[in-house]
Amino acid sequence: MLAGYAVHLEQSRGRRFPEPPHPYRNDFQRDRDRIIHARAFRRLEAKTQVFTRRYSDHFRNRLTHTIEVAQITRTLAAALHLNVDLAEALALVHDLGHPPFGHAGEKALDAVMQSHGSFFDHNLHALRIVEDFEQRYAAFPGLNLTFEVREGIIKHSHDYDTSEHPELAEYLLNQRPPLEAQLIDLTDEIGYNTADLDDGYEAHLLTLDQIRAGLPIFDRFFREAERTYPQVAEKLKFNEALKGVFNRLASDLIENMQSKLKDSGIKTLADVRVHTARIAGFSPEVETERKQIKDFLYENLYYSPSLADEKDDAEPIVNGLFAFWMENPSALPHHYQEKAKEESLPRVICDYIAGMTDHFITEQHEKHCGGTR
Ligand code: MG
């Protein structure tokens, strides 16, 4: 069932520390399971995606978002005859490196690291988690994931330059990632674009009229739902319209990738790697609609004054704790004090903060900084 351009298990460059094969799980399935059993994976449950718990218990958090992306990815990878096990592992790991407080937390952490001559990047942080911070196995540090999963962690959404990141040279930075990794960037977007419309509407931060006026693609499917189900509640028509949007994005991605693969004559993984551009993408028409949704969410939801409180909190909390541990490194947990002997103190503090959940960082801030922002 696997296409020639998929990643075939026997092509894998393997693990850093070789391990005997498992009797009934292949290497990518084992990687998927190791990710699910990781501590950093469980912490996703208490990390903000868009909405904090203040709003409601039934909105997405980073864990449920991750599960949704994994579900979308499995379907699309199968339809494209890609390696579903690898694609699923990549979907499950794709947000592992996100710090507390969503993008506001990431921005704050990056800014404070910039002031120390460095930076914070969630993909590179995810690599550090699976390579080093997860200590589960006696035989090796980290999760000892296959090369393809580690490569996908850093390359799924971003191209890094070898001259800027010599430490990543082993990841073939001058080559395209496999299609399984390319796919994650788009399935992630299908997932959050539709989910954020849903949660934004449920939270009454977006109105139906506003969404219909701002997004012609949604309006088209809503009209169709009104014709087919004139009697049902507005929310059910909303759901039908959202399902229409979702299916349009997903189907277009599959069809557009299929036709691009055909037109470009790509037959093997090696062809994918040396192709001039990424193959994963929407058709021009649907790409315009995708961008409209994204822009709409930025304008009307992500920068909404109702969500500003949490965003405004992120920076002073991150900065306050960072400054506290810079001045009082002996107040860091013992394990991090040990780490500071090998790495710079700002990097160690950054790693510690990035791993925290929203409520743990708030608690730490109250403890060490008296909660003053
Ligand atoms: Mg994501």
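## A quick tour of the structure

A search of the whole structure turns up 36 salt bridges. Keep in mind that this is a predicted model.

**Salt bridges**

- Here is the general idea to start with: side chains of opposite charge can pair when their charged atoms come close.
- Arg30 pairs with Glu19, and their closest N and O atoms are 3.6 Å apart. Arg30 sits in helix H1 (residues 27-36) and Glu19 in the segment before H1, so this pair ties together parts that are eleven residues apart in sequence.
- Are these two partners buried or exposed? Arg30 counts as buried because its relative accessibility is 11%, under the 20% cut-off. Glu19, with a relative accessible area of 23%, is partly exposed.
- Glu170 and Arg150 meet through their side chains in a salt bridge of 3.8 Å, N to O. The two are 20 residues apart, with Glu170 in the loop between helix H7 (147-155) and H8, and Arg150 in helix H7.
- Within that pair, Glu170 is partly exposed at 35% relative accessible area, while Arg150 is buried at 3%.
- Arg290 and Glu189 also form a salt bridge, at 2.3 Å from N to O. This one links distant parts of the chain, 101 residues apart: Arg290 is in helix H13 and Glu189 in helix H8. Both residues are buried.
- Salt bridges with shared partners connect Arg15, Glu19, Asp27, Arg30, Asp31 and Arg34 into one network.

**The magnesium ion**

- Which residues coordinate the magnesium ion? They are His65 (NE2), His94 (NE2), Asp95 (OD) and Asp188 (OD), at 2.1 to 2.5 Å.
- Along the chain, the donors follow the spacing H-x28-H-D-x92-D. His65 lies in helix H3 (residues 62-79) and Asp95 in the loop between helix H4 (84-93) and helix H5 (102-114), so the pair ties together parts 30 residues apart in sequence.
- His65 and Asp95 are both buried.

**The largest pocket**

- The largest pocket has a volume of about 1,100 Å³. It is lined by 40 residues, and the closest to its centre are Gly102, His103, Ala104, Glu106 and Tyr298.
- Several helices supply at least two lining residues each, among them H3, H8 and helix H14 (308-327). H5 gives the largest share, seven residues.

- Tyr229, Val232 and Leu236 make a nonpolar surface patch of about 250 Å².
- Val232 belongs to the loop between helix H10 (216-228) and helix H11 (234-264), and at 30% relative accessibility it counts as partly exposed.

Definitions and conventions
Residues numbered from 1 in each chain as written. Predicted model: local features only at pLDDT ≥ 70, side-chain atom pairs only at ≥ 80, totals over all residues. Heavy atoms only, no water. Patch = residues over 30% accessible without salt bridge, like charges linked within 9 Å, V, L, I, M, F, W, Y side chains within 5 Å. Areas by Shrake-Rupley, 256 points an atom, 1.4 Å probe, with all protein chains shown as cover. Salt bridge = Lys/Arg side-chain N within 4 Å of Asp/Glu carboxyl O. Helix = DSSP H or I, 4+ residues; strand = E, 2+ residues; numbered from the N terminus. Buried < 20%, exposed > 50% of the residue type's maximum accessible area, 1.4 Å probe, protein only. Donors = N, O, S within 2.8 Å, 3.2 Å for Na, K, Ca; no water. 1 Å grid on protein atoms, 1.4 Å probe; cavity = no way out; pocket = protein on both sides within 12 Å on 5 of 7 lines; lining within 4 Å. Points joined across faces, edges and corners; volume = space filled by probe spheres on them.
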